Amino acid sequence: MMNKILGGRYQLGAMIGTGGMADVYIAQDQRLSREVAVKILRSDLAKDPTFVSRFRKEAKAAAGLNHPGVVAVYDSGEEPAPYIVMELVTGHTLRELIHGGERLPLDRALEIGAGILEAVDYSHQRGIVHRDIKPANVMITDGGDVKVMDFGIARAMDDLGATLTSTWNVVGTAQYLSPEQALGEVADTPTDIYSTGCLLYELLTGRPPFTGETPVSIAYQHVSGHLTPARQLQPDLPESVEVMLEVALSKKPEDRYISARAMLEDLNKIRAGESISTKVVRGPLVSRRTAVISGISLLLVGVLAVVGLSLNGGSTPSLGNEIPNVVGLTEDQAQALLGDYTVTVQRAPDPRIPKDRVASQIPLATSQATKGSAVTLTISDGPGDAIVPDDLVGMSLIDARTSLAAAGLVISRTEAAPSDEPQGTVLSVLPEPGSTITAGTGVVLTIASGEVEVPNLIGVEAIQAKTLLIQAGFLVREFNDYDAAQAVGVVIRQAPDAGTTQTIGKPVTITINKAP
């Protein structure tokens, strides 16, 4: 990716983050002479025309958000893969803070919650629902400010059923899932209130409201599970905090706060030591087990839209009993639901479904079948084996990710090393190429950091100096000062010094002589 220029203006520098959905690079906006962050989406998403169309629309909508609590989206494009250009924020995500095990003081946790709600309220007033509020999408800047990011991506991904993907590797996302999302229903503004409630619950108690081994088990609890009152976990919390969380985490959207603004008002009253008048709506919790299992499992296999017609009482004529969806359940659970049928069980490796759970069924769910007819279940034996590709060395990071995905593997970590290879080029792989390992596990890639020598810029005209730095792959930070002994318009100081090595994409600071 070294020296790659996107959209004719964004020169990519060092990679500053990587994840299952995208790689993030620092970049120089050559038109406006500012540093930005560029998030380049996975190549497999780039091949989906539905996603690209949705991404284009949502990125434009998100670019209209202008609020200090929202990471600004400046621009977007689609070559070589869909990307967005964002405000460059220095700091860390709330996920990193939570995983660090630090318990925040009550007021600081509420302050962060207020920052999130202000951003969410602002976006809701402009017709944009995030749908994926979670710690990984909340930045805490070096100055302590709160910024919510990925409004456009979250909405575009939502239409692909990305909240619960068939990889079963997104337990962290499932912990902030609203009941309506788990059931494949419409996710509107109450979804963001629920997810913010989940996040606040974790900040204040030290654990998410619901946990489990798989996304399905967690999603089931969001719909039908009993919420442990926050003060059972942290007795020192004010009662008003517990009430606020229970209202935000109500199972029914209509029982939650009517808006993010209403929740923010209660939160600010709590911060000021005032009481709140909001009441929790109490009522019988009707178990929706069949709908939960069907909705979640069908969301995993991507046919919820079709099945939803049946669940909601469609008028298709019945040819017999409708076979329930049992994908993701244990064999005993599946057998219990399929009591009217003759069940045959077989086993096979499956990298998507945990061991000892149903990976597939024939006939498919919602098919019509008479009582006593045969249903064949395939139980997962777990991931099976995968072979580390032998052609990764020399690839770009994006190409290596694609190759590993095709082999049933993922990148668990990247490590940068000095090299004269282009920045981002794969230098080595662990385990060794050709190794046989468990499918779904991760490999470690050592990639070229692109360290090069900083040129001598002292006495060079400012424009020429900036050109030299950009061509070498550095970012430019510019200051002005005045030295009467030197010509106006030339560089009089630089950092790092000439001759030292600096990673491509890192900034080089130059001070230009400017007359007062």
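Colleague: Where is Glu-246 found in this structure?
Modeller: Glu-246 sits in helix α11. Bear in mind that this is a predicted model, where local features need pLDDT of at least 70, side-chain atom pairs need 80 or more, and totals for chains, interfaces and linings use all residues. Numbering starts at 1 along each chain as its sequence is written, and side-chain values use heavy atoms, without hydrogens or water.

Colleague: Why is Glu-246 called buried?
Modeller: Buried means under 20% relative accessible area, exposed means over 50%, and partly exposed is in between, using a 1.4 Å probe and protein chains only. Glu-246 has 13% relative accessibility, so it counts as buried. Setting aside residues up to four places away in sequence, Glu-246 touches Leu-227, Pro-229, Val-280 and Arg-282; a contact is heavy atoms within 4.5 Å.

Colleague: How do you know that α11 is roughly antiparallel to α12?
Modeller: The axes of α11 and α12 (residues 260–271) come within 10 Å and cross at roughly 170°. That angle makes the two roughly antiparallel, since the label applies over 145 degrees, while under 35 is roughly parallel, 65 to 115 roughly perpendicular and the rest oblique. The axes are lines fitted to C-alpha atoms over the stretch in contact, with angles from 0 to 180 degrees between N-to-C directions.

Colleague: Which hand does the crossing of α11 and α12 have?
Modeller: Left-handed. The term means that the near helix is turned anticlockwise from the far one by less than a right angle; clockwise would be right-handed.

Colleague: Which residues meet there, and how do they divide by class?
Modeller: From α11 come Ser-240, Val-241, Met-244 and Ala-248, and from α12 come Met-263, Leu-267 and Ile-270. The tally is 6 nonpolar, 1 polar and no charged residues. Here Ala, Val, Leu, Ile, Met, Phe, Trp, Tyr, Cys and Pro are nonpolar, Asp, Glu, Lys and Arg are charged, and the others, Gly among them, are polar.

Colleague: Why are α4 and α8 called roughly antiparallel?
Modeller: Helix α4 (residues 106–125) and helix α8 (residues 189–205) pack at about 170°, with their axes 10 Å apart. The angle makes α4 roughly antiparallel to α8. Their crossing is right-handed.

Colleague: Which residues build the contact of α4 with α8?
Modeller: Among them are Leu-106, Ile-116, Val-120 and His-124 from α4, and Thr-189, Asp-192, Leu-199 and Leu-203 from α8. By class there are 11 nonpolar, 4 polar and 1 charged.

Colleague: What is the phi of Arg-131, and why is that residue called buried?
Modeller: Phi is near 75°, a positive value in a residue other than glycine. Arg-131 lies in the loop between α4 and β8 (138–141). Its relative accessible area is 16%, so Arg-131 is buried.

Colleague: Which peptide bonds are cis, and where are their prolines?
Modeller: One runs from Ala-495 to Pro-496, with omega near 0°, and Pro-496 is in the loop between β22 (491–495) and β23. Another runs from Leu-430 to Pro-431, with omega near -5°, and Pro-431 is in the loop between β17 (426–430) and β18 (436–438).

Colleague: How many residues has the chain, and what share counts as buried?
Modeller: There are 516 residues, and 49% of them count as buried.

Key: Helix = DSSP H or I, 4+ residues; strand = E, 2+ residues; numbered from the N terminus.
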